[in-house]
Amino acid sequence: MSARTTALAALIACRRRNAWSDGILKEYIARDGLDRRDAALASRLCYGVLQNRMLLDFYIGAFLKGKLRDLQPVVLDILRLGVYQLAMTDKIPPAACVNEAVEQGKKYANARAAGLINGVLRAVSRAECLPEPPDLATRFSHPAELVELLRNSVGDDLLPRLLASHNEAPRTCVQVNTLKISPAEAAVQMEKQGLGVEKHPWLPGCYELTGTGSLEALDAWRDGLVYVQDAAARLAVYAAGLAPGMRVLDCCAAPGGKSFSAAVAMEDRGELVSCDIHRHKITIIEKGAERLGLTCIQAMEHDAKAPMPRWREYFDAVIADVPCSGLGVIRKKPDIRYKDLGPTEALPALQLAILRQQAEYVRPGGVLLYSTCTILRRENEDVIRAFLTDHPEFSPESICAPPDCPVSGAAVTLLPCLHGTDGFFIAKLRKQP
């Protein structure tokens, strides 16, 4: 099975199931038995099409004799994949791309559709230059409503850079489980398996990987020496200043990355309660902790909005990484950009309710750490401002950060175009002794 065939099958499945591409890709790469190299190519093609969908449709429309909306959905899938390879990659020969797309048209549609695919793709491959997109929304494949929402958060000057960063291929970021191995030893082991391994510029114990394919196939992952976590999410835990022997609550923990980071920071000594509202996600946390050899984590099903009287003023630190719009991880989940933004308007009320409930569990002198993987002010600064208005016993405190960290202060926003991380917000609050 070729990487291009797997990529097309994944695109078709994403459309038909209205499912997230990362899960679909993982399923189809395993189904087709792709090796690491082909798995990486299939992922790049699938993500590339989703990242550039609006621009690809603009290009297709310029060479199509007819209307885009009249095409069979599967034919449009094939054309998008073909134009992406022709216009935005340089390692796939145009003839091979066109020929395979024509065969895909015969298989998934019919001979007439295959002829149309052949005509459009050959016209694109012969074109000396492609038409200039009319606006930022088309150029960077972000719906206009989303463009304006992001503009309100970062301003006009930074907006094009932010949108462009969403269409770049991010490296896989892993944290070393320093309870089992040193960072340098983990790096050597991963390099021996053929990965590109680069030390993170400002976060200790963190590496950026290339050529990974399926991480589950790596010895370092299977042996619990590393876990996947973006540098911004790791910084959120680092910011809390955790130490061995503490009592810590991670109230919205799944899939467990922050709990794992917290346990490592605590040297697996102390008490770490890791909660999620979904029962099946508790199993994911438990399996991750077992793989990493972490014993201080107690995973349990619990709604972060619901009171737990026995926890009142019990924890030294509470990590509230709350449900959010996820608009900081568009580069990793390109399909987020096409989702309806309407439901996200209700998120600040939910986030504030969770923060107020979690505040009850912080002991006097303890830390409340709020974070989201979005950059929208209404879910970040506005929520913190509203919380502090009716909780004067909490005060902003500068985050703990590594020496070379590019951000500082009590409330920080990281951006992929500036910091090379996911878009992320972190606020640290200290309860008065």
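Mentor: Let's begin with strands S2 and S3, which pair in the antiparallel sense over four bridges. Two strands are said to pair if DSSP finds at least two bridges between them. The strands (E, at least two residues) and helices (H or I, at least four) are DSSP runs numbered from the N terminus. Before going on, keep in mind that this is a predicted model: local features need pLDDT of at least 70 and side-chain atom pairs count only at pLDDT 80 or more, while totals for chains, interfaces and linings use all residues. Residues are numbered from 1 along each chain as its sequence is written, and side-chain values use heavy atoms, with hydrogens and water left out.

Back to our two strands. Val197 has Leu209 in S3 as its bridge partner. S2 and S3 form a hairpin with six residues between them, and in that turn Gly205 has a positive phi of about 75 degrees.

Now widen the view. The open sheet holds four strands in the order S2-S3-S1-S4, with antiparallel pairing. Its edge strands, each pairing on one side only, are S2 (196-199) and S4 (226-228). From one strand to the next, the twist averages 35 degrees; angles run from 0 to 180 degrees between N-to-C directions, and axes are lines fitted to C-alpha atoms, for helices over the stretch in contact. S3 (residues 206-210) is also joined to S1 (residues 172-176) by four bridges, and these two run antiparallel. There, Gln175 stands opposite Cys206 in S3. Helix H11 (residues 183-192) packs on this sheet and touches S1, S2, S3 and S4; contact means heavy atoms within 4.5 Å. The direction of H11 makes about 10 degrees with that of S3.

Two residues elsewhere in the chain lead us back to this region. Arg291 belongs to helix H15 (residues 279-292). Its relative accessibility is 16%, so Arg291 counts as buried; buried means under 20% relative accessible area, exposed over 50%, and partly exposed in between (1.4 Å probe, protein chains only). Leaving aside residues up to four places away in sequence, Arg291 touches Lys180, Trp221, Arg222, Asp223, Gly224, Val226 and Tyr227. The other residue is Gly420, in the loop between helix H18 (416-419) and strand S12 (424-431). With a relative accessible area of 35%, Gly420 is partly exposed. Gly420 touches Glu208, Arg331 and Leu415, again not counting residues up to four places away in sequence. The C-alpha atoms of Gly420 and Pro201 are separated by 9.8 Å, although the two are 219 residues apart along the chain.

Helices H13 (residues 231-238) and H14 (residues 257-265) pack at an angle of about 50 degrees, their axes 9 Å apart. H13 and H14 are therefore oblique to each other: angles under 35 degrees count as roughly parallel, over 145 as roughly antiparallel, 65 to 115 as roughly perpendicular and the rest as oblique. Ala233, Arg234, Ala236 and Val237 of H13 meet Lys258, Ser261 and Ala262 of H14.

In the second pair, the axes of H16 (residues 347-359) and H17 (residues 381-389) come within 10 Å and cross at roughly 45 degrees. H16 and H17 are therefore oblique too, and their crossing is right-handed. H16 brings Pro348, Gln351, Leu352, Leu355, Arg356 and Ala359 to the contact, and H17 brings Val383, Ile384, Ala386 and Phe387.

Finally, a few backbone details. Ser141, a residue other than glycine, has a positive phi near 55 degrees. Ser141 lies in the loop between helices H8 (136-140) and H9 (144-154) and is buried, at 0% relative accessible area.

Conventions: A crossing is left-handed if the near helix is turned anticlockwise from the far one by less than a right angle, and right-handed if clockwise.
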